[in-house]
Amino acid sequence: MGCFFYVFCGYHSPVSFYALQMNIFEKIIRREIPAAIVYEDDDTLAFIDIGPIIKGHTLVIPKTCYETVIETPDEVLAKLMSISKRIAAAQIKTLGADGVNIIQNNGRAAGQEVPHIHIHVIPRFSDDGHHWNWDAKSYSSSEEMAQLAEKIGEGFSE
Ligand code: 5GP
């Protein structure tokens, strides 16, 4: 996930040197740069994404800086998803969204630009014209699928 070594950030948890260097979201939390705040409580912040897929696109972050889903404690993930659900409901209620995409990228290879875990909550409209261009591949056989299922299952931890 791009972690070279661990140092301590200004909050309470270890983050990589990369995260410490690059974390624009911490500046938003500290009000060092402006953001359009949607929701805030003691440990969570939701604000409008500066580069929206669709206008109203909101980011939900913990105030503690964990880099990816792997490092983030389960209780923090549960809180982030709970707030994301409420943001999604609000987008439907107040913006008239017909649907909502909830997306979360981990690691540069997966498109994560900001190394501070965040959930994208994107309002969708039937006529918004956006397409994810989901380029679905296929497996050569059911055995190949089964082998992958077994391999991933072997690495599963509680
Ligand atoms: P990622 O690609 O890491 O999943 O998403 C990072 C998101 O953060 C992008 O959608 C990008 O538009 C947003 N972003 C980056 N810098 C800023 C900023 O300074 N302010 C706000 N509001 N959003 C930002």
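Author: Helices (H or I, at least four residues) and strands (E, at least two) are DSSP runs, numbered from the N terminus. Residues are numbered from 1 along each chain as its sequence is written. This is a predicted model, in which local features need pLDDT of at least 70 and side-chain atom pairs count only at pLDDT 80 or more, while totals for chains, interfaces and linings use all residues.

Reader: How many helices and strands does the protein have, and in what order do they run?

Author: The protein has four helices and seven strands. Read from the N terminus on, the elements follow the order β-β-α-α-β-β-β-α-β-β-α.

Reader: Which strands form the open sheet, and in what order?

Author: Two strands pair if DSSP finds at least two bridges between them. On that basis, β3 and β4 run antiparallel and are joined by three bridges, and β4 and β5 pair in the antiparallel sense over five bridges. Strand β5 (residues 58-62) pairs with strand β7 (residues 119-124) over three bridges, and five bridges join strand β6 (residues 99-103) to β7. The open sheet of five strands therefore has antiparallel pairing and the order β3-β4-β5-β7-β6.

Reader: Why is one side of β3 and of β6 left without a neighbour in the sheet?

Author: β3 (37-40) and β6 stand at the edges, so each has a single partner strand. As for the sheet as a whole, neighbouring strands are turned against each other, direction ignored, by an average of 20°. Axes here are lines fitted to C-alpha atoms, for helices over the stretch in contact, and angles run from 0 to 180 degrees between N-to-C directions. The answer to the question is the place of β3 and β6 at the edges, each with a single partner strand.

Reader: Which residues of β7 are the bridge partners of Val 60 and Val 100?

Author: Val 60 has its bridge partner in β7 at Ile 119. For Val 100, the bridge partner in β7 is Pro 123.

Reader: Which residue stands opposite Glu 40 in β4?

Author: A hairpin of three residues joins β3 to β4. Across this pair, Glu 40 stands opposite Leu 45.

Reader: At about what angle does α3 run to β7?

Author: Two residues are in contact if their C-beta atoms, placed from the backbone, lie within 7 Å. The helix α3 lies across β3, β4, β5, β6 and β7, and its angle to β7 is about 15°.

Reader: What does Ile 61 touch, not counting residues up to four places away in sequence?

Author: Ile 61 is among the core residues with the most contacts inside the core. With those sequence neighbours set aside, Ile 61 touches Phe 25, Leu 45, His 116, Ile 117 and His 118.

Reader: Is Gly 56 buried or exposed?

Author: Gly 56 lies in the loop between β4 and β5. Beyond its neighbours within four places in sequence, Gly 56 is in contact with Gln 91, Leu 95 and Pro 123. The C-alpha atoms of Gly 56 and Pro 123 are separated by 6.4 Å, although the two are 67 residues apart along the chain. Because Gly 56 has 21 C-beta neighbours inside 10 Å, this glycine counts as buried.

Reader: What is the phi of Arg 31?

Author: Most residues other than glycine have a negative phi. Arg 31 lies in the loop between α2 and β3 and is exposed, with 9 other C-beta atoms within 10 Å. Although Arg 31 is not a glycine, its phi is positive, at about 65°.

Reader: Which residues are the closest to the ligand?

Author: A residue is near a molecule or strand if its C-beta atom, placed from the backbone, lies within 6 Å of it. The ligand is surrounded by 13 residues, and the closest are Ile 50, Gly 51, Asn 105, Glu 113 and Val 114.

Key. Core = buried A, V, L, I, M, F, W, Y, C linked by C-beta atoms within 7 Å. Buried ≥ 20, exposed ≤ 12 C-beta atoms within 10 Å, placed from the backbone.
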